[in-house]
Amino acid sequence: MKLERRLLIEQGGPGHRGPRLPACDVPALPLAELLPGARLRGTLAFPQVSEPEVVRHFIELSAMNHHIDRGFYPLGSCTMKHNPKINDELAALPGFALDHPLAGEQASQGSLRVIRELERALLAITGFAAITTQPAAGAQGEMTALLMIRAHHRGRGEGERRTRVIVPDSAHGTNPASVNLVGYEAVTIPSAEQATVDLEALGHALGPDTAAVMLTVPNTLGLFEPRILEVTKLAHEAGAQVYMDGANMNALVGLVRPADLGFDCMHLNLHKTFSTPHGGGGPGAGPVAVAAHLEPFLPAPVLREVDGTLHLDCDRPQSIGRVHGYHGNFGILVRALAYILGLGPAGLTAVSRTAILNANYLMRRLKDSYELPHDAACMHEFVLSGRGLRRYGVRTLDVAKRLLDFGVHAPTVYFPLIVEEALMIEPTETETLDRLEHFAAAMERIAVEAAENPQLLRDAPHSTPSSRLDEGRAARELKLRWGRPAAGRETPAPEPARR
Amino acid sequence: MSFVGLSPEEERTMLARIGVERFEDLLEAVPAELRQRQPLPVAGPLSEIEQRRQFGAWSRMNHADRAVSFMGGGIYDHYIPAAVNALAMRSEFATAYTPYQPEVAQGTLTAIFEFQSMIAELAGMEVANASLYDGATATVEAALLARHHTGRARVLASASLHPHTLEVLRTYLGAERVAVIAAPEGVSDAAALERALAPDVACVIYAQPSFFGLVERPDALHRAAHAAGALAIAACDPIALVVLEPPGAQNADGSAGADIVVGEGQSLGNAPTLGGPALGFFACRQALVRRMPGRLAAETVDRHGRRGFVLTLQTREQHIRREKATSNICTNQGLLALRATIHMGLLGREGMREVAELCIQKTHHAARLAAAIPGYALAYPGPFVREFALDCPVEAARVIAAARADGILPGVDLGQFRPEWKRRLLVAVTEQRSAAEIERWAAVLKRAGGKA
């Protein structure tokens, strides 16, 4: 008989505790005396559990996760590649791990040198003139770039009239959300037949009120924009800036430099392209690279080198300001630089080539079992549609859940929005031919099961730690923490005064 | 090339099966003139041995690992129990993605639920989310929520907040929408904040404790904000919340406390690492949950009626709502939130309390020693938790330079924030500092001050 899975708060109790702390070796006074006038709290209702049981608890939890070190993880647009172990060790070196963000330039020359070397490498890879590594994630990079674009327009006296940002309907959701966050208006344009930019629709949407155009390259269907130079030229002729969402950069490293495509700025996701672990949802890092005309607006401080010493330059009158409390996600920057230096020029290019080859191979393998809406060579990912299975009463969600029974993670589903019942598949360079074949065989078998035994799919998964979870119930009951808040604590939020 | 999954032979096989001759045939959509012909101008490849040598040399250029730290200002040198590292670095946690398929992500989701529970408890709030980038951006997200909730444009922020938090607020909201109210005593000036409240103010933001380590008495702030129809937001240090009445609790007179509690959670099991990755936390009243930014885990059941956890209220989020989302946030700080969960779970009720009390006792001991040295004085009179501002007889930079030879980082030079503070050190003392280390620190102050 197995012990039922329990939360930490349901374990242990009074008399149980974790590691001990040293006795107080300085003269101690009562808290009430040290903190006169302060209201002190009563009990902190935290768990009381011994170290061995805490360890077992988290080991038990860990065993319920799928992860890239266990198996295939073809989440489209997420670039689930191998995370080299040496990178974690380097980031944990005491000199980096203990470095304090306010200790001053002199005390942190080693960390600043790492940032400098990473800046250089990322500029070489993207072809841009300047870069900030402060943004903590891709979405924050988007916002940072949009603020710089606004500062650029304001500097030219066009800040007031340029208020709209054009985003294709195939874009990641963060694009329009970031547009809204900075106070711009998102204008969505439909994609053309082959899911590329519709030049005519773009031409209509562009105007004297356009601040920027945001494009993902390759796009979210894994396709390269063949007329990208026309797109960026058209936008520039209207006075707009062109932003590249770099989420899919794993297709381009060493093959194409975004600056050469006519973009003014872009963000990179170090946790995708540059192999830093995803950590169950973060931390990431979203550096923003820009062309020379946007350099004055970079978030302060900016790294500057004088006679071999690195300085944090805060004297940046045109800067948009800080976007992070300190210097961005430095621990992630160390790992990304280690990845780049570990691979070197040929290795980096081999990564993109292999990612593209793996995606094309899988796409060919699966195009007869599932619908392939855009039958052209893809870059690092491709999108299938599961709409053909609807006649059996099977949805893409069911295919995704059934895949979990084969020990692989499901692809990204229902995205991009422009493909019905979408399955977005990104194998990355990590996967071997064996793994690709195993995945293809599982997908083929599921397509057969859909016809022969659709209920098997609707009830899937069957072999995972939990069976299908009731998301509707979670949203209705909204139980977001253990225990119950004490009675009387649930005070309503104040309503704004009526005017 | 061992990093990629294919051998040259396999590559040829695959190209043949795809039906192309060369790899370049797959790039037909990329105009030839846009393709890179030259190798990337980056260094490498380096073997692991060479990487270790190179990064080791860079890491040793930092002073941090050879120094005894009295540094604070939001990032602290707390002890991290060995089990935190051992558990959090496991592949099962570190190399998983966002839990989009909950049936194979119960480990991550359960840990997020436990994180939310403990943060909500610390904050005295009904709900907390799965974490945000850092304390500064969590404060911004709270201000944005308040603006949406009230339909008002401006925010009032106490100058006793971290100066960088004020900067990030200005970046996101626009300087004209952030009114910073002076804090001459090092804590919020409640009367001045009350006078500045106007019908277009969405929220009042204060720090608990203040940037200078001082304890706020926020009841008056909460009441004033609520009377004006604004939300009250507290940016908190989690270690202080272990001993202080949390802002989310009711005021002493039974009226409502803060509406949103945010903060920087690095102190909970995460290394300083130059201030990033850090750990923003965000807790609020249940009534505001649908406007909350970021991810939320909720309890539910599976088909067999067994308890499980899923991400919920995703209709708030960018991947569903696009431009109408409550925030553009996509990631959380998953691995750091996990470390905090293990840390809080391991130290538990007693351990957390002991850490906080040791910090307070040692900080006050250090302050008493410093105040007894001629020329040194506490900058502010109010009660403080594990940090205090110290006025020095010489520039803080000189004290720091003098301390280097002794292997001590004696505090944060506040002159980096304002020129008029250039003789001021911000000193934090954690449970890691021994009485002997504090004595050495005081001796350095004495020596450096004597050269005035």
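Modeller: Domain bounds come from an automatic or database domain assignment. Residues are counted from 1 along each chain as its sequence is written, and chains are lettered from A and ligands numbered from 1 in the order in which they are written. This is a predicted model: local features need pLDDT of at least 70, side-chain atom pairs count only at pLDDT 80 or more, and totals for chains, interfaces and linings use all residues.

Biologist: OK, let's take chain B. How far apart are the C-alpha centres of domain 1 and domain 2 of chain B?

Modeller: Chain B is split into domain 1 (66-80 + 350-450) and domain 2 (83-341). For domain 1 and domain 2 of chain B, the distance between the C-alpha centres is 28 Å.

Biologist: Which element supplies the largest share of the side of domain 1 of chain B that touches domain 2 of chain B?

Modeller: In contact here (C-beta atoms, placed from the backbone, within 7 Å) are 26 residues of domain 1 of chain B and 24 residues of domain 2 of chain B. Helix 12 and strand 12 (387-391) of chain B each give at least two residues to that side of domain 1; helices (H or I, at least four residues) and strands (E, at least two) are DSSP runs numbered from the N terminus. The largest share, 7 residues, comes from helix 12 of chain B.

Biologist: Now a sheet. Which residue in strand 15 of chain B is the bridge partner of Phe388(B)?

Modeller: Chain B has an open sheet of 4 strands in the order 11-12-15-14, with antiparallel pairing (strands pair if DSSP finds at least two bridges between them). Strand 11 (377-378) and strand 14 (412-413) of chain B each have a single partner strand, so one side of each has no neighbour in the sheet. Strand 12 and strand 15 (residues 424-428) of chain B are joined antiparallel by 5 bridges. In strand 15 of chain B, Phe388(B) is partnered by Val427(B).

Biologist: What angle does the direction of helix 12 of chain B make with that of strand 12 of chain B?

Modeller: Helix 12 of chain B packs on this sheet, touching strand 11, strand 12 and strand 15 of chain B. Axes are lines fitted to C-alpha atoms, for helices over the stretch in contact, and angles run from 0 to 180 degrees between N-to-C directions. Between helix 12 and strand 12 of chain B, the angle is about 10°.

Biologist: And between the chains? How many nonpolar residues are on the side of chain B that touches chain A?

Modeller: 179 residues of chain B are in contact with 175 residues of chain A. Helix 12 (residues 334-371) of chain B brings the largest share of the chain B side, 24 residues. Ala, Val, Leu, Ile, Met, Phe, Trp, Tyr, Cys and Pro count as nonpolar, Asp, Glu, Lys and Arg as charged, and the others, Gly among them, as polar. On the side of chain B that touches chain A, 54 residues are polar, 38 are charged, and the nonpolar ones come to 87.

Biologist: What is the handedness of the crossing of helix 10 of chain A and helix 1 of chain B?

Modeller: The axes of helix 10 (residues 330-366) of chain A and helix 1 (residues 8-18) of chain B come within 9 Å and cross at roughly 45°. That is why helix 10 of chain A is oblique to helix 1 of chain B: under 35 degrees counts as roughly parallel, over 145 as roughly antiparallel, 65 to 115 as roughly perpendicular and the rest as oblique. A crossing is left-handed if the near helix is turned anticlockwise from the far one by less than a right angle, and right-handed if clockwise. Helix 10 of chain A and helix 1 of chain B have a crossing that is left-handed.

Biologist: Which residues of helix 1 of chain B does helix 10 of chain A meet?

Modeller: Helix 10 of chain A puts Leu357(A), Asn360(A), Tyr361(A) and Arg364(A) into this contact. By class, the contact of helix 10 of chain A with helix 1 of chain B has 4 nonpolar, 1 polar and 3 charged residues. On the helix 1 side of chain B, the residues met are Glu11(B), Met14(B), Arg17(B) and Ile18(B).

Biologist: What is the phi of Asp307(A)?

Modeller: Asp307(A) belongs to the loop between strand 8 (302-306) and strand 9 (309-313) of chain A. Although Asp307(A) is not a glycine, its phi is positive, at about 50°.

Terms used: Contact = placed C-beta atoms within 7 Å.
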